[in-house]
Structures are given as C-alpha cells and as structure tokens.
Amino acid sequence: MLRIGFLPSDFNPMVLMLGEADDLRLLAGVLRRFAREQTDVRLDQLGFCTAPRTAVTLTASSGLPGIRSLCDNRFAWCLDADRAIAFADQIDRLAVPARTAGSEILECTAEEEIPVKVSRGEYTEDFLRA
C-alpha cells in the first residue's frame with residue numbers, strides 16, 4: 001500500500017509517499033496514464049493508496065507546475081505530460097528489485113513549491129500516522 005501524507009514545516013514542508021516496489025510501479029503507471037490522458041486523478045482515492053489525512057489531485061490545469069496547497073490538507077499537483085513521464089521514470093528507478101531502499105525528490109521548480117518525496121525502505125510503517 002502506498003502511503004501518502006503531508007509533513008508541514010516552516011522551512012521544508014513536503015508531501016511524502018512511502019511504498020514498496022509494487023506500489024511504486026503502480027504510481028509510475030498512473031503518472032504515465034495521466035501523461036497520455038491529461039485527466040485529473042485523485043491519488044488518495046486509488047486502490048493501492050492510503051492517505052487518511054492528505055488529498056492529492058494530479059491535474060493538468062493551468063497554473064504553475066508543481067504541488068500547491070489548496071486548504072485543509074488538500075493539494076493540487078500540476079504537471080504537464082513531459083514532467084509526468086520524467087517523474088514516472090524516476091520512480092521506476094526507485095522500484096528496481098535490486099534496490100532495497102532509497103528516495104527520489106519530484107520537483108518542478110525550486111521556488112515556492114512543496115516537493116514530493118517518494119521513498120522506499122527508508123521509514124517505518126507508522127511514520128505517517130497521527
């Protein structure tokens with residue numbers, strides 16, 4: 001199960017996604033499908049995800065690229081097709097069976113963006129629990 005949560009911070013807030021190889025391959029597939037279809041996707045509502053307090057919508061709507069806070073732990077992750085494919089490739093490298101742990105930071109820009117960190121084998125199961 002891919003676990004998604006928002007880690008608030010004054011200086012380094014981030015959306016953290018924790019999962020194993022199978023979860024990460026599914027997430028990469030969602031990003032590739034999004035690149036083809038450009039249809040909004042609620043990541044927190046996918047069958048292989050759990051995000052009890054964080055709602056992330058992948059969207060191609062206009063606006064600055066990257067993940068932005070909407071309100072009440074709801075986020076819009078604006079991506080174009082090229083960036084979605086690039087992020088899927090990064091996640092695939094993290095899901096290689098020989099790689100047991102690691103992480104990738106998925107950022108569109110360095111300014112005013114909340115980064116997405118995708119991690120495998122670096123955190124305990126209960127890290128995102130309240």
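Two strands count as paired if DSSP finds at least two bridges between them; strands themselves are DSSP runs of E, at least two residues long, and helices are runs of H or I, at least four, both numbered from the N terminus. This is a predicted model, where local features need pLDDT of at least 70, side-chain atom pairs count only at pLDDT 80 or more, and totals for chains, interfaces and linings use all residues. Residues are numbered from 1 along each chain as its sequence is written, and side-chain values use heavy atoms, with hydrogens and water left out.

**Exercise 1.** Find the bridge partner of Ser-69 in E7, then work out the order of strands in the open sheet.

*Solution.* 
- Start with Ser-69: across from it in E7 sits Phe-75.
- E6 and strand E7 (residues 74–78) run antiparallel, joined by five bridges.
- Look at the hairpin they make: two residues lie between the strands, and Asp-72 has a positive phi near 50°.
- Now try the other end, where two bridges hold E3 to strand E5 (residues 55–59), again antiparallel. Val-41 faces Leu-58 of E5 there.
- Put together, the four strands go E3-E5-E7-E6, with mixed pairing. Strands E3 (41–42) and E6 (66–71) are the edges, each pairing on one side only.

**Exercise 2.** Why does Ala-28 count as buried, and how do H1 and H2 pack?

*Solution.* 
- Locate Ala-28 in helix H1 (residues 21–37). Its relative accessibility is 0%, so Ala-28 counts as buried.
- List its contacts (heavy atoms within 4.5 Å): leaving out residues up to four places away in sequence, Ala-28 touches Ala-88, Ile-91 and Asp-92.
- Take the axes, lines fitted to C-alpha atoms over the stretch in contact, with angles from 0 to 180 degrees between N-to-C directions. H1 and helix H2 (residues 81–94) pack at about 165°, axes 8 Å apart. Angles over 145 degrees count as roughly antiparallel, so H1 is roughly antiparallel to H2.

Key: Buried means under 20% relative accessible area, exposed over 50%, partly exposed in between (1.4 Å probe, protein chains only). Angles under 35 degrees count as roughly parallel, over 145 as roughly antiparallel, 65 to 115 as roughly perpendicular and the rest as oblique.
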